[in-house]
Structures are given as structure tokens and as C-alpha cells.
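Hello,

Here is the structure for your files. My notes on the aromatic side chains and on one surface patch follow below.

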Amino acid sequence: MLWFKRAPEATGNKAGGEIVEPTALAVELDGRVFAQKFARFLEILGEEGGIDPFISALEVKHQLFAKVLGREALDGFGLEALETLVETVMPARKRVWPSLEAYGAVPVREAVRNLLYGAQPLGERLALFAQGVPVVSDGTPKGERKVRRALMDLGAEMLHFRAPVQYPLMTRWVWDQAVHAGALREFVKGGDTLEKVPLGSDPGIYEAGRRWLAERMAENGLYRNPEFIVDVFLAHAYADYMRALSSGMGLLNADFGGKGDPLEVVKKLLGIDAARRTDSRVKKVLH
């Protein structure tokens, strides 16, 4: 957080000063890979209207999360407010709602309160949120795991978008140690030749990654809104990975659309794409 040159926002623990310190990475990140991806990133943005629409949409998303998840606002937090947030979290919105609705407004509210304002270490609070909600799934271990992973993503987005300067984005598409995949892997030196990448899953590795990216961007003259621009760039890097993985199979278009707009997948990953439902409250808020 120190690289933002701004005071921390309302913090997540009792001391009122929770700071995510970067963890020393066990692998080297590659400046040449960054330069290649960043050049392509700027090229696409130039063709599609620039970075400002992304910053504006993410700022609105942040304001929504900050308003709904403020310490005092949580006293009135219910399923209607939760549904609005879930609609903006792409990895979670297709999987978690039945479990959250069945759990009930009061237990969910207290789980969210502990996630955001509890006294335990950050990683423990995030894991507790993902593991503490009783899962409604297809009854198989695989189905339960999918829901729990989606709950982890929801918790990560609640932390980040409530206080984006304070907390890095810790969703699985940014980095998932369980499967050794995610946007951060795209910047690991020699990452395409490694079977496993020992980054770990501590919150500090996400902070280390975004600091490194923000520093590289600053070296290229891009200083404004790093808390959001890093998110957009990571989503761009992960979209590139997905395109490479699904090349020739049509999987990217089948799962995410993306035929006409080269940044559509980026918007979907960040939850700022057009709302799925015509009656969505999110559509009214974000668009």
C-alpha cells in the first residue's frame, strides 16, 4: 500500500491500521514480458476509447461497495444489498447465491462483518468467510469445492473494492496456488516452462505483485489510479492467457463472449460488464 502515496482508507481490523505487507516472491518477475504486454495493453486501449471508462466504472463499483459495506452500514445489511454486490463479482455470481440465501441475512451479515473488520489475520478471515457459509450445491465434493472457491472470490472482492488502496485484488484469476495459474503467472520469468510456480497464497504475494506492476507502470509514465489500473492490466493479462489456452477450441467465446470487443473479457473479469438480468439493480448502479 505504501506505493500509492495516499493515506489508507478505513481499515479492516480493530487497530484501525491494517496494512498488507508484500511477501518476498520465490520467483522473479520478468520486465521484458511486462513491456510486451503493456505495449499491447496501451495499443488496445487506444483503439477502444482509453483507460478512463474503466477507471470510472471501477470507481463507481468501489463507491457501491464502500457504501454498502461501511462499518455502520453493515447494521442494516441484508440479502437485497448482498445480491447487488454479488451481481458485480463474475467468478461468484453464478455459484454462491443459493448458499448465501439459504444461510440467511443475519449469519451472512456477521460473516461479512468479521471478514472486513475482524481481529484475525487477513488470510484467516478470508478463508473463514469461504469455509464458514454452509454450501448449497449438487451434493458432490467437486460441487462444494466450486462454491467455496467462488465464496473466496466474493470475499476477496469485498475487501478490495471496499478499500482498493488498502487491499490488493486477491481473486483466483489473479493467482490460484491450487492450480498454479492466474494473471501473475504471466509475468513470472520462464513461467511458461514451469510445471509449478511456488508463489504461495499469502495476501502479501498479491500485494507484491501489484506493487511490482505499479512500479513498472510508473517507469513508463503511468501514475494515476494504480489501484484500478493494475486491476485492468491484470485482467488484460489473464484474458491473453485464456485466449492462448483456448486457441482453436472456441472456449473463450463460448464462456465469455468477446467476439467483437477485445476488452469484453476484461470487463467481465472485473464485473463491470453489462448486467445479466434486465431487472438487475447493478445495471442501474454501474451503467
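Phenylalanine 233 is buried, at 0% relative accessibility (buried means under 20% relative accessible area, exposed over 50%, partly exposed in between; 1.4 Å probe, protein chains only). This is a predicted model, in which local features need pLDDT of at least 70 and side-chain atom pairs count only at pLDDT 80 or more, while totals for chains, interfaces and linings use all residues. Residues are numbered from 1 along each chain as its sequence is written, and side-chain values use heavy atoms, with hydrogens and water left out.

Phenylalanine 187 is also buried, with a relative accessible area of 1%. Rings of Phe, Tyr and Trp (its six-membered ring) pair if their centres lie within 6.5 Å; planes under 30 degrees apart count as stacked, over 60 as edge-to-face and the rest as tilted. By this rule there are 11 aromatic pairs. In one of them, phenylalanine 34 and tryptophan 212 sit edge-to-face, 6.0 Å centre to centre with 85° between the planes. That pair links helix H1 (residues 31-47), which holds phenylalanine 34, to helix H9 (residues 203-219), which holds tryptophan 212, 178 residues apart. Helices here are DSSP runs (H or I, at least four residues), numbered from the N terminus. Phenylalanine 34 is buried at 3% relative accessibility, and tryptophan 212 is buried at 16%.

Phenylalanine 187 and phenylalanine 233 form a tilted pair, 5.5 Å centre to centre and 45° between the planes. One aromatic cluster takes in Phe34, Phe38, Phe41, Phe187, Trp212 and Phe233.

On lysine 94: this residue is exposed, with a relative accessible area of 66%, and lies in the loop between helix H4 (90-93) and helix H5 (97-103).

Regards

Methods. Helix = DSSP H or I, 4+ residues; strand = E, 2+ residues; numbered from the N terminus.
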